[in-house]
Amino acid sequence: MNVIEKQITLADGRVITLETGKLAKQADGAVMLKCGNTMLLATVCSAQEAGPDVDFMPLSVDYKEKFASVGRFPGGFTKREGRASDYEILVSRLVDRALRPLFPDDYHAETFVQVTLYSADEESMPDCLAGLAASAALAVSDVPFNGPISEVRVARVNGELVINPTASQMKDADIDIMVGATYENIMMVEGEMNEISEKEMLDAIKFAHDAIKEHCLVQMELMKEVAKEKRTYCHETNDEELKQDVWDKCYQKAYDACRSCTADKHKRLDMLKAVKEEYMESIPEEERDDKAFMVSRYYHDVEKEAMRRMILDEGVRLDGRNTEQIRPIWCEVDYLPGPHGSSIFTRGETQSLSTCTLGTKLDEKIIDEATERGKERFMLHYNFPPFSTGEAKASRGIGRREIGHGNLAYRALKRMIPEDYPYTVRVVSDILESNGSSSMATVCAGTLALMDAGVPMKKPVTGIAMGLITDKGCEKYAVLSDILGDEDHLGDMDFKVTGTRDGITATQMDIKVDGLSYDILERALEQARRGRMHIMDIILDTMPEPRADLKPHAPRLVQFNVDKDQIGAIIGPGGKIIQDIQEKSGAVVTIEEVENKGIVCVSAPNAESINIAVSRIKGIVAKPEVGEVYDGVVKSIVPFGAFVEILPGKDGLLHVSELDYTRIENVEDVLHEGDKVQVKLLEIDAKTGKLRLSRKALLPKPEGYVERPERPERREFRGDRPRRDNNREHREFRPRQERNEE
């Protein structure tokens, strides 16, 4: 067994170890990555032959977390890992986006990359290590790959940039960016920030790339020591004569179709399709089936070059815009009467219909994953039905695209929801039309829906998708604002930026070309800022600020704090009291224990229900104060007075002598059980906590009334009868026989 290890030392002294030759030796490549107690096994397997008529890279990347890695059982009845969680899908996408552009263009064998978390600790986060592990597995395999790459997280903690920070450090970070790159080039960027400037973002990317270069050098050493030759393959059959013929007969026609500058996507596609069909008609019928696949591949390259040359040489785009123009935008809020907030955002042929729903703590999302447990109060879901692009097929649930695009919009908006906002918030974006940057339309529509619902956002957020067209060596390039779907597909970069007027809140970038300089990135960021400000003006014209109040049908919610030791009194034995409050008020009451206090949240569809519930709860937690006047209820009558409830669960004695200024012989001549009576709290016994009440103190004193002198010592009471006074100086001695006769 030939086990090879290489190490990477981080700035804080932590060590990343790459080990190969020990595990999963039948895979084409396998590496175990270790950092602290976190261990990731990455494997790669690639078919020896490509499938028939496959002209793309069929790559599958899967990241999976084992619950055993943290010593936990999976939830559910089966108690085993099931479908991938949103988090696992997002990590899979991060790795996929950095690897995919680096396979040779003519390599079409089905390839599977699997990264599995087998051990984890609380501090070493695995998501920023998965890309390095996957690249190392490819590096030691015979699979052709133009790497290596690595991915790192760069965060700014207390003003300092940190590579792969610990989970504890991330709590104080205002920048959280994942960067994937080769030794020479940035390939992928994704992250969220707290309104940082374009320069600060570029500095963070450069800082990450410096660390990635070290990771790549270590992998190169590992490759050299393993010394496995890359496989030979032939996955494409080409006909150079046919290829030249397609270019000669189709290029100018395709260029003219692009140059028609129609803003109608389907019309443009029909024109380009007609060029290809005309060429196919020129091929003898008996040869068409054999040549159709190659013609499609060659014609795709013709379309791509025609579009790129038109933009680079003339500065004109497919729909006639110049490079900085934003498509026409229109917005509308309060379109749907049922949701708590709604909006439509339409930019060109991309449209999002978004809704906002407000809920209580009971509506929070419960997170129960291997490395993360908790609750989430802000959710954003993105849906992309087939009809949005005119496709005739059924919707089969959400896929990785929906998870990824929704996560980008979620990260763009989440920092603008106030931390102390008591509602649970869910935004749903349904894409009704799509031709470029539906995730950025989701950000804009989401902002409007939140403001329409009355959510007090700190600041509105907008987003824009940027593109890039370059010639060889990036000597000539064009940065495109608000890209179309075709410009994304045929271009060299897809760069999405979201933010407020004061800075960037989230970004996602995929680069498909080598040699992209930081100068080009800087220009793209500045052009994106101008585009965001243009969109922001339109958003604010539609809705300048959040609604001052919620919609009439939105749930009302009141939140207040109580002492920790009062939580039990509100809940009651077996939840009896809190259930009674909810039943009689119609409100929903939740209590959360945080540190040394309880946070009570009361929600209901109307103010009356809330007032009833809040009054009951505040009555339970209220503390009686001497001298205060209370509206009480008579709970029981005894010979020497009445017990009156002045607060929920708090009774006091209203002695017969405190009923009135005149002498009362029979308490029931004045009060009965269930009567409401206003009383004043005279005294709280320091030892027993018993309450002494008075009705007389609230009545007007009769003219000439003289207060009786106080007795030397007041007789105490216990329960419903007086306690015997054991002071013998005040007791009258009488013979036993005389007492018995009475």
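The buried residues of helix α13 are covered by elements that include α12 (567–571), β23 (588–594) and α14 (607–621). The model is predicted: local features need pLDDT of at least 70, side-chain atom pairs count only at pLDDT 80 or more, and totals for chains, interfaces and linings use all residues. Residues are numbered from 1 along each chain as its sequence is written, and side-chain values use heavy atoms, with hydrogens and water left out.

Helix α13 spans residues 576–585, and its buried residues (under 20% relative accessible area, 1.4 Å probe, protein chains only) are I578, I581 and S585. Seen down the axis of α13, these fall within an arc of 55°, so they line one face of the helix. The arc is taken from the directions from the helix axis to the C-beta atoms. Turned away from that side are the exposed residues (over 50%) K576, E583 and K584. After α13 comes G586, with a positive phi near 80°.

α8 and α9 pack at an angle of about 45°, their axes 9 Å apart. The crossing is right-handed, meaning the near helix is turned clockwise from the far one by less than a right angle.

| Helix | Range | Residues in contact |
|---|---|---|
| α8 | residues 400–414 | R401, H405, L408, A409, A412, L413 |
| α9 | residues 438–452 | S438, S439, M440, T442, V443, G446, T447, L450 |

The residues of this contact divide into 7 nonpolar, 6 polar and 1 charged, with Gly counted as polar.

Conventions:
Axes are lines fitted to C-alpha atoms, for helices over the stretch in contact, and angles run from 0 to 180 degrees between N-to-C directions. Helices (H or I, at least four residues) and strands (E, at least two) are DSSP runs, numbered from the N terminus. Contact means heavy atoms within 4.5 Å.
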